[in-house]
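Hi everyone, thanks for making time.

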Amino acid sequence: MTTTDPQEYIDDMARKRGYVLDYHKVMAKHDFPVLQAANHVVSAAYLDQRTLDRKTKELIFIVSLTVMRASKGHIQSHIRVALDLGLSPREILEAIEISLPEAGIVAFQTGFEAWREVVGAEGIEPTVAVHEGGSGAGQ
């Protein structure tokens, strides 16, 4: 996009991505040229249609954010976009599970907790006395 209006730019980002992060909003107001430069890289690698389709890229993004232990909200924004693109909760979970062998259970739990909250997944409660373990996602 070639607009010089930060509001138009943010609105266009929201339409193309399906989300905007807090830093996008603040950068649009306080350092618009740097936001544009950063967004150009993201567009080339993630949004522009090349060989990989958007669904595949979204799954890769979710896994990479999980492995990097990104904020839950950041991971959730990509999970919501993946769902909007037609991916099933199970497909997204399987992608997150790929983080287990390479990044370990702690990184996996970050992505899993983000997924669980977005899709409303519930578990099976034990019928025996047990101590509560929480989500395991360090929050």
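Let's start with a question: in which helix do Asp12 and Arg15 both lie, and how many residues apart are they? Both belong to helix H1, residues 6–17, and they sit three residues apart, about one turn of the helix. Keep in mind that this is a predicted model. The two side chains meet in a salt bridge, with N to O at 4.0 Å. Asp12 has 15% relative accessibility, and the cut-off for buried is under 20%, so Asp12 counts as buried. Arg15, on the other hand, is exposed at 63%.

By the rule used here, there are eight salt bridges. Another of them joins Arg90 and Glu94, at 3.1 Å from N to O. These two are four residues apart in helix H6, again about one helical turn. Arg90 is exposed, with 56% relative accessibility, and Glu94 is partly exposed at 41%. Then there is Glu117, which forms a salt bridge with Arg116, their closest N and O atoms being 4.0 Å apart. Both are partly exposed: Glu117 at 37% and Arg116 at 29%. Through shared partners, salt bridges join Lys72, Glu113, Arg116 and Glu117 into one network.

Now to the inside. The largest nonpolar core has 13 residues, and those with the most contacts inside it are Ile62, Ile75, Ile79, Ala82, Ile92, Ile96 and Trp115. Helices H4 (54–67), H5 (72–84), H6 (89–97) and H8 (105–119) each give two or more residues to this core. If you click on Ile75, you can look for its contacts beyond four places in sequence: Ile62, Leu65, Thr66, Ala70, Thr110, Gly111 and Ala114. There is also a second, separate core of six residues, including Tyr9, Met13, Ala28 and Phe32.

Trp115 takes us to the rings. The count comes to four aromatic pairs. In one of them, Phe112 and Trp115 have ring centres 5.5 Å apart and planes at 40°, so this pair is tilted. They are three residues apart in helix H8, about one helical turn. Trp115 is buried at 8%, while Phe112 is partly exposed at 27%. Ring pairs also bring in Phe108, making a cluster with Phe112 and Trp115.

Last stop, the surface. Leu100, Ile105 and Val106 make a nonpolar patch of about 240 Å². Val106 is found in helix H8 and is partly exposed, at 43% relative accessible area.

That's my tour, and I'm happy to take questions!

Terms used. Residues are numbered from 1 along each chain as its sequence is written. This is a predicted model: local features need pLDDT of at least 70, side-chain atom pairs count only at pLDDT 80 or more; totals for chains, interfaces and linings use all residues. Side-chain values use heavy atoms; hydrogens and water are left out. A nonpolar core is a set of buried Ala, Val, Leu, Ile, Met, Phe, Trp, Tyr and Cys residues joined through side-chain atoms within 4.5 Å. Buried means under 20% relative accessible area, exposed over 50%, partly exposed in between (1.4 Å probe, protein chains only). Contact means heavy atoms within 4.5 Å. Rings of Phe, Tyr and Trp (its six-membered ring) pair if their centres lie within 6.5 Å; planes under 30 degrees apart count as stacked, over 60 as edge-to-face and the rest as tilted. Patches are made of residues with over 30% relative accessible area and no salt bridge: like charges are joined within 9 Å, nonpolar side chains (Val, Leu, Ile, Met, Phe, Trp, Tyr) within 5 Å. Accessible areas come from the Shrake-Rupley method with a 1.4 Å probe; for residues, only the protein chains shown count as cover.
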